[in-house]
Amino acid sequence: MTAFEDSLPPPPRNDPVTPYSLPLPHPNPDSKPVAPKPLSGDQQQKLDRLIAHFNQPDFVLPRSLKTLKARWQKDAGGASRIGTLFGRSVTASEQEMADLHPLSDVEKCYWSSQAFQRCLRATKWDYPSALKRAEETLVWRREFQVEEMTEEEVWREGETGKELVFGYDVNCRPVLYMHPHRQNTEVGPKQIAFVVWCLERTIDLAPATDPATEMLCLCIDFGAGQKNSGQPTTLGQARKVLEILQTYYCERLGKAVCVNIPQIFFAFYKLVSPFVDPVTKEKIRFLEKPDATSLIPANQLQKIFGGEINLEYDHASYFPALTKLCLERKAANLERWRQYGNDRCGLDEAVIRGAYVPGEEHDPTKGVAEKEGDVAGRSSAPPSAAASVSNLSSAAADDDDLPTEQLAQSTLTDETETENASTSSSSEATAVNSHITNNGTASVPALVRNATEGGEDKFVEAPLASATAVEQAVPAIH
């Protein structure tokens, strides 16, 4: 343990009134990490090959994505489409092509065994794609200067607590909160930089578990009914952030829960959802009531999500404390890598974070949750509401997403067409549109709500936007 985290006072117990504004350094003692799936022989070979590639004595990479893409094109004989970010051929000067650098100690520490596995999983274990994803991620981190970002650079962005790291879920994943209604700056690169900074700090606070905790939990409070609770950002900005998250932070999201959702959000979500990876969509839950205690222990959870902590954000207290806590964690992790990593990539993140020492007996299958939510006193993650609704619609038998799309179509139908529709169609559209409450919060359509009643499921699929909400969201395209 570092001296600073020892000095952090815990939040008041069973006291949802007294304000608290400091990060939490550890998950609950009874929280358990999720057991990773064992690798097949073929998967292990690909992992070993990828690690060996990065550990070549002469392995070097540029500092810019432009140069990386030019090198890929050169190696591929001038191919016109390589990489994730580029659709056109680019050229780099001889000086840029020669500006290559070996991995630093910090980079080698970052590229753990799990980091390579995340690239392989994200690319469905296709080795050439995983290799390019790993190289691109490393170069992007250099170009974006992720490791050089400082507290001072993002201080203004963090003043309102619109994004903050606080607590851990039942599977030991650190929780990143987003409060879009607290937005205090204009759309631009600094907002994106702040998202990256917060993601990095969330990962810094991953606890010392064996097996390693790789993912994070995301909690979004849209603040329906409050000032600035409308459209969270522009579509263009959302696409840029999604591209960063899905490309350079792949396989990091464990679960995302959303509360206090204004009706306009669902129109915006429909616009941006084509750019969201299907695997990511499956991890997003919209809560009809702000109660996430089946996923996050109440003593680790903000009151606005049903927890016991009255987190009243105080920037002057929270921000420096988070920064110091993360810097000490990173320094300790780097020191352990230097001690046990043999100057190479591929060390186990559990070793890097201090969960065990190489050579000691350890059993990564002991004390783990076999699936999400598998903790004493808490239910397992429930089946999605969409799957339940599919039982009500034979047309949805082969597609879990179809019920949601059908509801969306009913909601977004032109008013004239709705008036001329059959009686049954009108009834269905009425049921869907009835989810808008007086305060502008989106509640769950009866069709979805009834399908999930009687169980322990606190999570529901997204209700859908009205035609008016869609019209309001259209400017986000520009």
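What share of the contacts in the protein with a separation of 6 or more comes from residues 24 or more positions apart? Such residues account for 77% of these contacts, a contact being heavy atoms within 4.5 Å. The model is predicted, and local features need pLDDT of at least 70, side-chain atom pairs pLDDT 80 or more, while totals for chains, interfaces and linings use all residues. Residues are numbered from 1 along each chain, and side-chain values use heavy atoms, without hydrogens and water.

The protein has 20 helices and nine strands, taken as DSSP runs (helices H or I, at least four residues; strands E, at least two) and numbered from the N terminus. Of its 478 residues, 50% are buried, that is, under 20% relative accessible area with a 1.4 Å probe, protein chains only.

The largest nonpolar core contains 93 residues. A nonpolar core is a set of buried Ala, Val, Leu, Ile, Met, Phe, Trp, Tyr and Cys residues joined through side-chain atoms within 4.5 Å. Phe54, Trp111 and Tyr249 have the most contacts inside the largest core. Helix α9 (residues 189-204) supplies its largest share, nine residues. Leaving aside residues up to four places away in sequence, Trp111 touches Phe54, Leu103, Phe116, Cys119, Ala134, Thr137, Leu138, Cys345 and Gly346. A second, separate core has nine residues, among them Leu334 and Tyr356.

Helices α7 (residues 127-144) and α10 (residues 235-248) also meet. Their axes, lines fitted to C-alpha atoms over the stretch in contact, come within 10 Å and cross at roughly 125°. Arg133, Glu136, Thr137 and Trp140 of α7 make the contact with Ile244, Gln246, Thr247 and Tyr248 of α10.

Notes:
Axes fitted to C-alpha atoms, helices over the stretch in contact; angles between N-to-C directions.
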